[in-house]
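Take the strands in order, then the core, then the rings. The walk starts at a single bridge.

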Amino acid sequence: MAVKIRLARHGAKKKPIYRVVVADAHSPRDGRYIEQVGRYNPNTEPSEITLDLEKVEKWIANGAQPTDTVKRLIEAAKKAQ
């Protein structure tokens, strides 16, 4: 089973809020996921990034592949700590 760490879109029209989730690569974007590991709100200034870095590192160690956007969010969260 290919596992990815990716964004799932929620929120109102034109005001998205994203959940950072660990999901099977074949499941739909907003569909079923294995675990939620964070949130991303691009509507605030500056953007709000909340990640559980321990869970993220555990999933990456177990073979989950983060998407390009999630890689940038992880790096930004590490810099903020």
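**From hairpin to core**

G11 has P16 in β2 as its bridge partner. The model is predicted: local features need pLDDT of at least 70, side-chain atom pairs count only at pLDDT 80 or more, and totals for chains, interfaces and linings use all residues. Residues are numbered from 1 along each chain as its sequence is written, and side-chain values use heavy atoms, with hydrogens and water left out.

β1 and β2 pair in the antiparallel sense over 10 bridges. Strands here are DSSP E runs of at least two residues, helices H or I runs of at least four, both numbered from the N terminus; two strands pair if DSSP finds at least two bridges between them. The two strands form a hairpin with two residues between them. K14, in the turn, has a positive phi of about 70°. β1 also runs parallel to β5 (residues 65-66), joined by two bridges. There, I5 stands opposite P66.

I5 leads on to the core. The largest nonpolar core has 16 residues, and I5, V20 and W59 touch the most other members. Such a core is a set of buried Ala, Val, Leu, Ile, Met, Phe, Trp, Tyr and Cys residues joined through side-chain atoms within 4.5 Å. Buried means under 20% relative accessible area, exposed over 50%, partly exposed in between (1.4 Å probe, protein chains only). β1 (3-12), β2, β3, α1 (53-61) and α2 (68-80) each give two or more residues. α2 gives the largest share, four residues.

Now the rings. The structure holds one aromatic pair. Y18 and Y40 are stacked, at 6.0 Å centre to centre and 20° between the planes. Y18 lies in β2 (residues 15-24) and Y40 in β3 (residues 35-41), so the pair ties together parts 22 residues apart in sequence. Rings of Phe, Tyr and Trp (its six-membered ring) pair if their centres lie within 6.5 Å; planes under 30 degrees apart count as stacked, over 60 as edge-to-face and the rest as tilted. Y40 counts as buried because its relative accessibility is 17%.
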